Amino acid sequence: MPEEHLPEQGPEQLGQPEQQDEAPIDNPTGWVAAHIRRYDRSGGKDGQKWYGLDTLLLTTRGRKSGKLRRTAVIYGRDGENVIVVGSNAGKPEHPLWYLNLVASPEAHVQIGEEHLDVRARTANAEEKPDLWKLMTGIFPQYKSYQKKTTRDIPVVILEPVKP
C-alpha cells in the first residue's frame, strides 16, 4: 500500500475531489505493509500473488479520520464483481477496512495492473452461502476463522462503478 497516488478518479469516487493527490495510509502491520510496497512499487506486476493466493489492494475512506486507508486482501471473482471476506483472522471484531466500507461504500481496488472504482455491499443471506463456498475454496482457512469467533464473518461484494 505504499503507492504514492491513486489514479485521478479514485479520490473523486471516494468523495473527496479536493484531495486528488492524497496518498493513502497503508496498513501498519509489518508483513502486510511490505506486501503492499512490493505490489505498489511494481505497478501490480509483483505482489498480486501472496503464497499462491490472488490479492488486491483495497483503498477505503477512514470512517473516523476521513483519510484514505489501503490494505491488501485475498479476493475472488463472481462475474464482474470482486469478492472479499472480512475475516480479521477470526478475531472478535471486524477488520477496520470492513467498518470503513460499511460507513462509506465507495472504494478503489488495484488488481495487478488494473484499477477499479467499486461500491461495496455486504452479501445478503441469499447470496452469502455461494460466495462463502467460493471464498473458502480459495482460502479454506476462512472456515477455521469462523469457528474461532462468535461474529458472523462478512462476505463483501465489490461492484465495479461504471464511469
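Me: Which residues is Thr55 in contact with, leaving aside its neighbours within four places in sequence?
Reply: Thr55 is in contact with His35, Tyr39, Gly47, Gln48, Lys49, Trp50, Val73, Ile74 and Tyr75, apart from neighbours within four places in sequence; contact means heavy atoms within 4.5 Å. This is a predicted model, in which local features need pLDDT of at least 70 and side-chain atom pairs count only at pLDDT 80 or more, whereas totals for chains, interfaces and linings use all residues. Residues are numbered from 1 along each chain as its sequence is written, and side-chain values use heavy atoms, with hydrogens and water left out.

Me: What makes the link between the side chains of Thr55 and His35 a polar contact?
Reply: The term requires a pair of N or O atoms within 3.5 Å; within protein, one must be able to donate a hydrogen and the other to accept it, and residues adjacent in sequence count only if both atoms are side-chain atoms. The contact between the side chains of Thr55 and His35 is 3.0 Å, so it falls within that limit.

Me: How do you know whether His35 is buried or exposed?
Reply: The relative accessible area of His35 is 3%, so His35 is buried. His35 is placed in helix H2. Not counting residues up to four places away in sequence, His35 touches Gly47, Lys49, Trp50, Thr55 and Ala72.

Me: Why does Tyr51 count as exposed?
Reply: Tyr51 has 76% relative accessibility and therefore counts as exposed. Its place is in the loop between strand S2 (49-50) and S3.

Me: Why is Asn88 called partly exposed?
Reply: Asn88 has a relative accessible area of 22%, so the class is partly exposed. Asn88 is found in the loop between strand S6 (81-85) and H3.

Me: Which residues lie nearest the centre of the largest pocket?
Reply: Asn27, Thr71, Asn88, Pro95 and Trp97 lie nearest the centre, among 37 lining residues. On a 1 Å grid over the protein atoms alone, a pocket is an open set of points with protein on both sides within 12 Å along at least five of seven lines, a 1.4 Å probe that fits but cannot get out marks a cavity instead, and lining residues have an atom within 4 Å of a point.

Me: Which element supplies the largest share of the lining of the largest pocket?
Reply: S4 supplies the largest share, six residues. Strand S1 (25-26), helix H2 (30-41), S3, strand S4 (68-74), H3 and helix H5 (141-148) each supply at least two lining residues.

Me: Why is Val102 called exposed?
Reply: Val102 has a relative accessible area of 52% and is therefore exposed. Val102 lies in helix H3, residues 96-103.

Definitions and conventions: Helix = DSSP H or I, 4+ residues; strand = E, 2+ residues; numbered from the N terminus. Buried < 20%, exposed > 50% of the residue type's maximum accessible area, 1.4 Å probe, protein only.
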